[in-house]
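Here's a walk through the fold, starting with the sheet and ending at an annotated site. Keep the 3D view open as you read.

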Amino acid sequence: MSSIRPWRTIERRQSRQIMVGNVPVGGDAPISVQTMTNTPTEDVVATIDQIRRCEDVGADIIRVSCPTEESTEHFDKITKAANVPIVADIHFHYKRALEAADKGAACLRINPGNIGSSERVAEVVRAAKANGCAIRIGVNAGSLEKDLLEKYGEPCPEALIESALDHIKLLQDHDFHEYKVAVKASDVFLAVAAYHGLAEAVDCPLHLGITEAGGLIGGTVKSSIGIGSLLWAGIGDTIRVSLSAEPEQEVKVGFEMLKALGLRTRGVRVVSCPSCSRQGFDVIRTVETLEKRLEHIKTPMSLSVLGCVVNGPGEARETDIGLTGGGSGKHMVYLSGVKDHHIESEDMLDHIVKLVEEKAAAIEAGEATAFDPHAEAAE
């Protein structure tokens, strides 16, 4: 497809690959989607419950904050219960990193400069090596070192990059190379510029994020602009969408970004219209209901839902299952891009859900493939 449609091609930056637990990050590995729990880590049951919900919507890696001794006391129960790698979020106290590494953390998120002396960094590195932990260096515009703020006058791309390079050197001085790096900012322009500069300066995997992005709508927009533009440029190996929303929503938004860019597929990709007075059914409520009822589908496939025949048939020709609104409560259903049959309004929702579930089951059983309208042209 890429050779025929070069405007779809994304040339990913070549980075070396590390392992976060059993998840490869960097190189030619799929871009992983992360989130972070917001329950008190000391509440092991609540934290595991939230991890499970994030796993169900597709999280590849989940970060858990470890600010206190109490938070790491039963950390092994969390890591053992999780089905995905757990990153321990450490900020100032190096002993929390040692405890988390010993209790099953797959990765330690630290600022080496905040850990303290070189001896303390060396202890964290030894614990990481002994336990097979990766390390994520987290540089943030909101917590830059005082000397860099004095040098540059304000958070700027050069300051974030210099901070990252300084932290990288601390790890490399201790012969540790299993690290990834983030240079986050709440300012989209600042973050994007910093990531572009860092991508040219290092070969390690990069963790993308627009920090403190905002609520579900505002934060999604900011993150999509920032993270999306970087991914489109081929930069980024793992992402976290930071929202003032439940972590499950972060995962969903992250996957939608990757799906929009053709970088990963998971579940049903819905194509739908904004609706207007031409609609033959309530498009907005129909799409809301279908998205909710199809959340359990993990098989990549496509569904178009359009209210009328202006663009409906054209979009339906591009999807596994298509629904186009018609008059008198009778609507057209398309299968694999071809007009197939009509359905009445009262039966429409159950019917579409059944078609999607049947197609997904057939794909999983190897009896069918997801519809690719460009397959013949690609051959």
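Two strands count as paired if DSSP finds at least two bridges between them. Helices (H or I, at least four residues) and strands (E, at least two) are DSSP runs, numbered from the N terminus. This is a predicted model, so to speak of local features takes pLDDT of at least 70 and side-chain atom pairs count only at pLDDT 80 or more, while totals for chains, interfaces and linings use all residues. Residues are numbered from 1 along each chain as its sequence is written, and side-chain values use heavy atoms, with hydrogens and water left out.

**The sheet**

Eight strands make up an open sheet, running E8-E7-E6-E5-E4-E3-E10-E9, with parallel pairing. At the edges sit strand E8 (179–184) and strand E9 (207–208), each pairing on one side only.

| Strand pair | Sense | Bridges | Residues standing opposite |
|---|---|---|---|
| E4 (61–65) and E5 | parallel | four | Ser65 and Asp89 |
| E5 and E6 | parallel | three | Val87 and Cys107 |
| E6 (107–110) and E7 (134–140) | parallel | four | Leu108 and Ile135 |

From E5 the chain crosses through helix H4 (residues 94–102) to E6, and this β-α-β crossover is right-handed (with the strands pointing away from you, the path from the first strand over the helix to the second runs clockwise). Strand E5 (residues 86–89) is covered on both faces: Ile86 and Ala88 are buried on one side, Val87 and Asp89 on the other. Buried means under 20% relative accessible area, exposed over 50%, and partly exposed in between (1.4 Å probe, protein chains only).

**The cores**

A nonpolar core is a set of buried Ala, Val, Leu, Ile, Met, Phe, Trp, Tyr and Cys residues joined through side-chain atoms within 4.5 Å. The largest one has 80 residues, and Phe75, Leu108, Val124, Val181 and Leu206 have the most contacts inside it. Helix H9 (residues 188–201) gives the most to this core, with eight residues. Leaving out residues up to four places away in sequence, Phe75 touches several residues, including Val64, Ile86 and Ala88; contact means heavy atoms within 4.5 Å. A second, separate core of 21 residues includes Val268, Leu303, Ile321 and Leu355.

**The annotated site**

Which residues does the UniProt annotation "binding site" cover? The unreviewed entry lists Cys273, Cys276, Cys308 and Glu315; UniProt positions follow the numbering used here, feature names are shortened, and annotations may be inferred rather than shown by experiment. Cys273 is in the loop between strand E11 (268–272) and helix H12 (283–293). Cys308 lies in the loop between strand E12 (301–306) and helix H13 (312–316), and is buried, with a relative accessible area of 13%.
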